Amino acid sequence: MESSNRCSVIIIGAGISGISAAKVLAKNGVEDILILEASDSIGGRIKKQNFGNVTVELGAGWIAGVGGKQSNPVWELAVQSGLRTCFSDYSDARYNIYDRSGEIFPSGLAGDTYTKAVESAMQKLRTDRDILLSADVSDIPELSTIPETPIELAIDFILHDFEMAEVEPISTYVDFGEREFLVADERGYEYLLYKMAEEFLFTSEGKILDNRLKLNTVVRELQHSRDGVTVITEDGYVYEANYVILSVSIGVLQSHLISFNPNLPRWKMEAIEKCDVMVYTKIFLKFPKKFWPCGPGKEFFIYAHERRGYYTFWQHMENAYPGSNILVVTLTNGESKRVESQSDHETMREAMEVLKNMFGPDIPEASDILVPRWWNNRFQRGSYSNYPIYADSTMFENIKAPVGRIFFTGEHTSERFSGYVHGGYLAGIETGEGLLEEMKSEKDRETNSKSILEPLLALTLSQTEAVGGLQTCDIHRHLFHGNTKREAIL
Ligand SMILES: Cc1cc2nc3c(=O)[nH]c(=O)nc-3n(C[C@H](O)[C@H](O)[C@H](O)COP(=O)(O)OP(=O)(O)OC[C@H]3O[C@@H](n4cnc5c(N)ncnc54)[C@H](O)[C@@H]3O)c2cc1C
């Protein structure tokens, strides 16, 4: 345990929560840390890609919760870094609902359907809550209207998979305000993470060169005991630390990519299993020219189809990148999984058919398509956590509670802001601070026990000279298949 060359803390995952936790530790003098990241870059679910000559965000795209009394810390980072953003106004989307023949639903009908759907959704929330609170369900009113027509289904999708995907009132809006800004910066949303990393890792010309960050390093096993944690990676390395901060997503925790030895306790596993995972997919399509309406109130439009969530929610990127000729369509859950499993060519065919229904047969064919696959990415297994309506604070507490020397962080551990970038950021800070406290308490405990035990130990020291073989290692070559075997130090 007192080994000099194993590190204090290993942070698994270099998304925003892992980086913010590491920063808290480093800023408080814990500099012998190691960050192990499975993919080839930092950022996790904040990930940019060049598409059609501009930078698009495959994961998080918006800074949600701006303009309120309190300042959103991620918005503050964006302002400090001079990140380019543009305001998104979804409120008019309901007046741009197309049917299969390309007609826009009259605003009166769309507005009424929307109002009814909101009332119905609120009633459903109240009913769900009453069912939870009441043992006798006989006096609970019948469920609200079930959406049936294409426009009802489209509005239901927008409400439940976007606007009201969280239980009301939405803490992000209450605390930070209701405005949302789309990141439209060639350096990507991930630039915020590099700026944070720059404060405690060695960087040069926009690259992190610090050997405390190890990319392409997939953790597969955590062996933990009262004395420390051994971290075993897929490529056969063994790392040892006093503590681990595990920042992988809830989807990864559910997937058993990482095994725990001993197993995680039942209360932890049950809480992890109960949390839903939302799949949210933004499909990008590039065109040789623009054929959709632009201008105020036209950024978002909706396609009403008899299949719920079928290429329903569209956005043009002219506000973010004028002249880019890019459309984005957002799919969720079942539809996301369906398109992930088919070829991009097939997805492009389906999307073009929908666009032709909306804008006529003469529109140009898309020249390129980009389909992120968050569900099939074994380092993500979904887009973000979605706590069920019946989730109580015990479930949150169990998901985030440490198990021995393993501390848990990530957006899913944020009770108020799960699912968001600021949730991940604040969770990382909280976990980092929690671990600092634990490290301090441990030190105090050791100092106290030393003062009691030292006189006794002095008597027997000569007989207890021991070689701390297992404790002094830092990085060993490890044979992943077969027995855990520690070999020569590299
Ligand atoms: C499509 C999409 C759209 C979104 N839109 C928004 C939005 O508009 N606004 C918003 O605020 N939020 C949005 N989010 C949510 C937001 O991106 C996340 O809440 C946040 O980025 C999560 O950060 P994190 O650090 O908790 O997790 P992650 O970013 O997932 O970090 C965890 C890291 O762990 C790594 N890892 C996994 N397994 C291992 C392993 N075995 N060994 C080593 N490393 C491992 C992963 O590669 C990853 O880098 C969106 C997410 C998605 C996917």
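**View 1. Helix α8 passes helix α11 in a left-handed crossing.** In this predicted model, α8 covers residues 266–274 and α11 covers residues 393–400, and the two helices pack at an angle of about 115 degrees with their axes 8 Å apart. Because angles of 65 to 115 degrees count as roughly perpendicular, α8 is described as roughly perpendicular to α11. On the α8 side the contact is made by W267, K268, A271, I272 and K274, while α11 contributes M395, N398 and I399. Sorted by class, the residues of this contact between α8 and α11 are five nonpolar, one polar and two charged.

**View 2. A cis peptide bond lies between N261 and P262.** The omega angle of the bond joining N261 and P262 is about 0 degrees. P262 has its place in the loop that runs between β15, residues 259–261, and helix α8.

**View 3. H256 has a positive phi although it is not a glycine.** The phi angle of H256 is about 65 degrees. This residue, H256, is found in the loop between α7, which covers residues 250–255, and strand β15.

**View 4. Helices α1 and α6 meet in a left-handed crossing.** The axes of α1 and α6 come within 9 Å of each other and cross at roughly 20 degrees. The two helices α1 and α6 are therefore roughly parallel to each other, since angles under 35 degrees are counted in that way. In the contact itself, I16, I19, S20 and K23 of α1 meet L193, M196 and A197 of α6. The residues that α1 and α6 bring to this contact divide into five nonpolar, one polar and one charged.

**View 5. Helix α6 also has a contact with helix α2.** Here α2 covers residues 73–81 and α6 covers residues 191–198, and their axes come within 10 Å and cross at roughly 85 degrees. This angle makes α2 roughly perpendicular to α6. From α2 the contact takes in L77, A78 and S81, and from α6 it takes in Y191, L192 and K195. By class, the contact of α2 with α6 consists of four nonpolar residues, one polar residue and one charged residue.

**View 6. A shell of 41 residues lies around the ligand.** Among these 41 residues, the ones that come nearest to the ligand are G13, G15, S17, G44 and G424. Several elements each supply at least two residues of the shell, namely helix α1 (16–27), strand β5 (62–66), strand β17 (280–286) and helix α12 (421–460). The shell around the ligand is made up, by class, of 21 nonpolar, 16 polar and four charged residues. At least three residues of the shell come from domain 1, whose parts are 7–46, 189–274, 390–444 and 468–478, and at least three come from domain 2, whose parts are 62–188 and 277–370.

Terms used:
Residues numbered from 1 in each chain as written. Predicted model: local features only at pLDDT ≥ 70, side-chain atom pairs only at ≥ 80, totals over all residues. Axes fitted to C-alpha atoms, helices over the stretch in contact; angles between N-to-C directions. Helix = DSSP H or I, 4+ residues; strand = E, 2+ residues; numbered from the N terminus. Parallel < 35°, antiparallel > 145°, perpendicular 65-115°, else oblique. Left-handed = near helix turned anticlockwise from the far one by under 90°. Contact = placed C-beta atoms within 7 Å. Nonpolar A, V, L, I, M, F, W, Y, C, P; charged D, E, K, R; others polar. Near = placed C-beta within 6 Å. Domains from an automatic or database assignment.
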